[in-house]
Amino acid sequence: MRPSIARLFALAVLAIAGDAHADSLPARFEDAAAAARGQTVYFNAWGGNERINAYIAWAGERVRALHGVRLRHVKLADTAEAVARVLAEKTAGRDDGGSVDLIWINGENFAAMKQAGLLAGPFVHLLPGFGMVDVETKPTTTVDFTIPVEGLEAPWGMAQLVFLHDRARVPKPPRRIADFPAWAAAHPGRFTYPAPPDFTGTTFLKQALHATIGDPSVLQRAPAPGEAATLSRPLWDFLEALHPYLWRAGRSFPLSDQHLRQLLDDGEIDIAFSFNPGEASSAIAAGLLPETVRTYVLDGGTIANTHFLAIPFNASAKAGAMVVADFLLSPEAQARKQDPRIWGDPTVLAMDKLPAAARALFDALPLGVATLTPAELGPALPEPHPAWMSEIESLWRQRYGT
Amino acid sequence: MSGGGADRQGWLRLAPGVTLAMSLTPIGAGLIGTILPAFGWMPAIGAVDPGLGAWVALLAQLELPGAVMLTVWTGLAGTGLSLALALGFVATSHHRPLFRRLTGWLAPVLSLPHAALAIGLAFMIAPSGWIARLLSPWATGWGVPPDLWTDRDPLGLGLILGLVLKETPYLLLAILAALSHLDPARDLAAARTLGYTPAKAWLKVVGPRLYPLLRLPLYAVLAYALSVVDMALILAPATPPPLSVLILRWFHDPDLALRLQAAAASCLQLGLVGAAILGWAAMETIVTRLARPWLTDGKRGRAGAAARRFLAALQVATLGLSAASIAALALWSVAGRWRFPDDLPAVLSMNAWAAQGRRLAEPAIATLALGLLATAIALALTIACLENEQRRGIRLGSRGLILLYLPLLAPQIAFLPGAQIVMIAAGIDGGALAVLWCHLLYVLPYVFLSLGDAYRRLDMRHVDAASSLGAGPWTILWRVKLPLLLGPLLAAGAVGFAVSVALYVPTVFAGGGRISTLAIEAVNAMAGADRRAIGVAASLQAFLPLVAYALAILVPAAIGRRRVGRAP
């Protein structure tokens with residue numbers, strides 16, 4: 001072997017060598033902080049957004065400086081890849097020394113991992129930073145898609161469905177779900193939504209379901225057999241009215257919210273939506289959307305939720321993962337995350353629980369040209385029970401997915 | 001011969017066995033890891049009752065018929081068109097100067113990674129793509145992109161086009177390699193003197209002898225086209241998608257019970273590939289029978305200049321479209337704002353490179369290290385096998401060849417998820433070793449096929465001369481054979497390296513995500529739909545194999561000049 005190849009290989013091995021020691025969940029955060037020093041934490045997180053990737057790289061530098069923890073971002077095209085990996089490890093009987101230490105997760109993936117016993121914890125109550133989380137007015141920080149979190153995942157950021165329109169082309173976008181078919185009929189081919197199982201597309205269906213179902217409170221429990229098909233009938237009537245006027249006549253759908261954003265930028269559509277209220281501002285700052293794009297919400301509120309950080313049952317560096325999760329909850333990390341020039345992801349912290357200096361970090365943030373204030377964001381609608389959405393997705397596939 | 005030499009000979013005898021075991025173990029283990037869950041055995045999710053439940057669930061999926069039809073149609077059409085284009089071009093143009101000029105471009109186009117090419121092609125043909133931008137608004141009148149279905153079309157035409165761009169150069173190179181065995185010049189000249197047109201002469205005299213040599217590469221193309229994942233993710237429609245994409249979706253569904261259904265679908269995918277190959281073989285028999293009267297009807301054919309020009313133009317167009325696709329990627333990577341319908345970006349900017357450059361350094365180094373190591377090991381094993389053949393005067397039979405081809409014939413999605421579980425159980429997952437092994441599976445056959453011919457056709461008089469001067473077999477290998485083979489060695493190395501750089505699914509499943517390569521970065525960037533980020537990752541991925549090819553051409557030339565210079 002030539003020395004240059006040897007050196008390259010050594011670099012690559014260094015780059016991937018992890019801490020293979022088995023690790024149990026520490027009982028106190030002080031123990032975690034002590035054990036974490038020198039650990040490498042493999043953070044499995046969706047890697048499709050360069051701004052988020054850059055933010056995670058910054059967090060890696062900070063936890064290295066503060067706690068001596070090496071943070072490595074395992075970029076996923078789909079969070080379920082990491083779920084699949086933990087499951088494969090359980091299948092193969094690897095109950096410690098797993099390859100995933102920390103995972104960015106919520107909703108159905110969380111429900112699946114919790115139910116299959118693939119998560120470590122509860123650990124969230126041990127994190128000092130959790131004391132500053134706004135659990136009172138942000139109920140989704142403790143209940144994830146109606147599933148109680150029970151300390152198995154630490155809140156990381158807030159999401160609420162907002163709609164994007166190019167002010168220059170569409171000065172008056174539809175503000176109620178019921179108005180979309182008429183708007184689309186007047187502007188054929190200029191609106192669409194990502195196909196389920198993409199979570200942003202599913203969220204649009206949830207929003208429409210919430211608006212069309214007579215009594216939205218039934219969405220908070222699992223539907224009885226056959227109930228979803230019956231009660232969702234108005235949703236399908238709504239989609240039947242909408243689909244002929246969608247982009248590509250509703251016969252093809254974008255793949256994701258990012259694809260939707262690109263269609264808006266290219267001028268293929270006029271209205272898009274995002275689960276991140278700060279996405280439009282941060283995309284404008286990154287040159288990914290025209291300056292004239294603005295966000296708005298629907299009358300009566302939009303679906304909102306929280307995204308979380310969880311530790312798999314067989315993680316190799318549980319102490320390190322706890323330390324990283326706690327750092328990501330710190331005012332320093334949360335304020336930077338909310339900065340529209342960095343990422344634009346809203347904080348989970350309660351401003352009134354923060355010391356003055358920490359609050360000042362948030363006060364100094366610009367809102368972003370296209371971002372709504374918390375008051376403008378309006379009411380946050382709760383996520384339906386996950387069982388509703390698997391039923392709706394399967395009914396959707398029967399109608400439009402084949 | 002000394003005792004030590006004999007020992008080393010013994011070691012050499014193991015080479016073919018070691019090589020095959022290395023390829024076949026993960027495939028065999030992986031297939032078991034897929035078949036067991038398909039029949040209801042996956043204790044991790046509580047499935048311990050063997051049965052046909054997963055198959056019942058699979059057959060109840062409404063997307064399945066559409067997905068299978070799309071898979072079969074795109075796979076067969078992509079393969080058939082590529083073959084027709086390659087054969088038609090060689091038959092009509094083999095005697096023209098254009099032929100030589102074009103064949104020089106095949107290797108670099110072939111080295112372009114599938115994902116990068118697909119991403120670039122998608123940007124060419126989309127309603128907001130480069131082609132529409134260049135034609136708008138002056139020719140089309142479009143101020144905004146039209147609501148036309150030119151990408152991810154329901155018929156899968158985009159995917160077929162992508163397959164044709166990628167597989168035609170491969171088949172052309174396979175034809176060129178096969179032709180070098182046949183040495184058809186004399187037969188062709190004879191047929192020409194008998195009055196056959198060049199195309200008719202080629203089709204009637206060379207074609208029937210060529211086809212058997214083309215069979216395995218063709219089956220590999222067919223298997224690939226029927227099970228491709230990365231190109232399908234980018235170019236195929238999504239409602240329903242091809243079977244391979246559906247399987248990946250089920251493997252990644254939060255509902256863990258879908259794993260069983262996904263495993264059953266993997267078995268179905270395997271069956272589809274098997275059936276398609278058998279069906280193709282049956283077609284060969286029928287075509288052979290039907291063509292017999294035509295072969296001997298004695299008709300000389302007309303000049304057919306129009307057909308020749310048409311096929312040559314198509315060939316130039318496919319290579320040109322590939323080149324333009326990659327150029328589009330490179331341009332996006334340095335684009336500032338580039339809105340429809342501007343022909344070119346309004347501003348150029350290195351922001352994307354500056355932002356991503358540092359983060360891509362590590363994946364780039366990992367890609368380089370994996371590619372170089374896998375290629376080096378593959379070259380060593382290949383040389384050991386070929387040297388063993390030569391010393392013992394044997395040749396790899398057709399059965400051995402099929403075994404060697406097996407990794408190219410088995411759908412990746414059918415055995416890699418199972419192989420992942422086996423590697424975890426063996427404790428080697430998520431590390432460099434597992435990824436290296438998986439890369440070797442795919443690098444080895446290509447390196448072997450690239451180097452085999454040159455090795456076997458070495459002029460043995462050099463060996464005899466060295467031997468009569470007292471050189472032992474190892475000295476001859478090091479001092480005579482390998483220097484003589486420098487060109488083919490580097491060319492085979494460049495092929496192997498390009499294969500490794502392009503691998504996506506094997507890297508994902510073996511690396512546990514911990515080893516990121518440029519292939520993974522490119523596909524992940526695709527999920528973010530940020531064309532600048534995609535452009536950076538994909539053009540970097542396309543750049544590495546091009547450098548390898550350039551080196552494979554330039555280094556032997558430079559050394560050749562030095563040798564000439566030194567001669568007395």
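## Chain B: two domains

In this predicted model, chain B is assigned a domain 1 covering 9–51 + 358–568 and a domain 2 covering 65–349; bounds like these come from an automatic or database domain assignment. Their centres, taken over C-alpha atoms, sit 24 Å from each other. The contact between them draws 39 residues from domain 1 of chain B and 42 residues from domain 2 of chain B, where two residues are in contact if their C-beta atoms, placed from the backbone, lie within 7 Å.

On the domain 1 side, the elements giving two or more residues are α2, α16 (398–409), α17 (412–425), α21 (486–502), α23 (518–528) and α24 (531–566) of chain B. Helices here are DSSP runs of H or I with at least four residues, strands are runs of E with at least two, and both are numbered from the N terminus. Helix α24(B) supplies the largest share of that side, with 12 residues. By class, the side of domain 1 of chain B that touches domain 2 of chain B has 30 nonpolar, six polar and three charged residues. For these classes, Ala, Val, Leu, Ile, Met, Phe, Trp, Tyr, Cys and Pro are nonpolar, Asp, Glu, Lys and Arg are charged, and the others, Gly among them, are polar.

As for bookkeeping, residues are numbered from 1 along each chain as its sequence is written, and chains are lettered from A and ligands numbered from 1 in the order in which they are written. Since this is a predicted model, local features need pLDDT of at least 70 and side-chain atom pairs count only at pLDDT 80 or more, while totals for chains, interfaces and linings use all residues.

## A helix pair in chain B

Now for some helix packing. Helix α2 (residues 15–38) and helix α13 (residues 258–295) of chain B pack at an angle of about 120 degrees, their axes 7 Å apart. The axes are lines fitted to C-alpha atoms over the stretch in contact, with angles running from 0 to 180 degrees between N-to-C directions. That angle makes α2(B) oblique to α13(B); angles under 35 degrees count as roughly parallel, over 145 as roughly antiparallel, 65 to 115 as roughly perpendicular and the rest as oblique.

The crossing of α2(B) and α13(B) is left-handed, meaning the near helix is turned anticlockwise from the far one by less than a right angle (clockwise would be right-handed). From α2(B), the contact uses T34(B), I35(B), P37(B) and A38(B), and from α13(B) it uses R259(B), L260(B), A263(B), A264(B), S266(B) and C267(B). Sorted by class, the residues of this contact are seven nonpolar, two polar and one charged.

L477(B) belongs to helix α20 (residues 473–484) of chain B. This leucine counts as partly exposed because L477(B) has 19 C-beta neighbours inside 10 Å; 20 or more would be buried, 12 or fewer exposed, with C-beta atoms placed from the backbone. Setting aside neighbours within four places in sequence, L477(B) is in contact with E387(B) and L482(B). L477(B) and I383(B) are 94 residues apart in sequence, yet 9.4 Å apart in space, C-alpha to C-alpha.

There's also a cis peptide bond joining F340(B) and P341(B), with omega about 0 degrees. P341(B) is in the loop between α14 (305–333) and α15 (351–392) of chain B.

A few backbone details are worth a look. The peptide bond from G121(A) to P122(A) is cis, with omega near 10 degrees, and P122(A) is in the loop between α5 and β4 (143–144) of chain A. T146(A) isn't a glycine, yet has a positive phi of about 70 degrees; T146(A) lies in the loop between β4 and β5 (147–148) of chain A. E150(A), another residue other than glycine, has a positive phi near 50 degrees and is found in the loop between β5 and β6 (153–160) of chain A. T146(A) is partly exposed, with 19 other C-beta atoms within 10 Å, and E150(A) is partly exposed with 14 such neighbours.

## Where the chains meet

Across the interface, 65 residues of chain A are in contact with 57 residues of chain B. Among the chain A elements giving two or more residues are α1 (3–16), β1 (40–46), α3 (50–67) and α16 (386–400). The largest share of that side comes from α4(A), with 10 residues. By class, the chain A side has 28 nonpolar, 22 polar and 15 charged residues.
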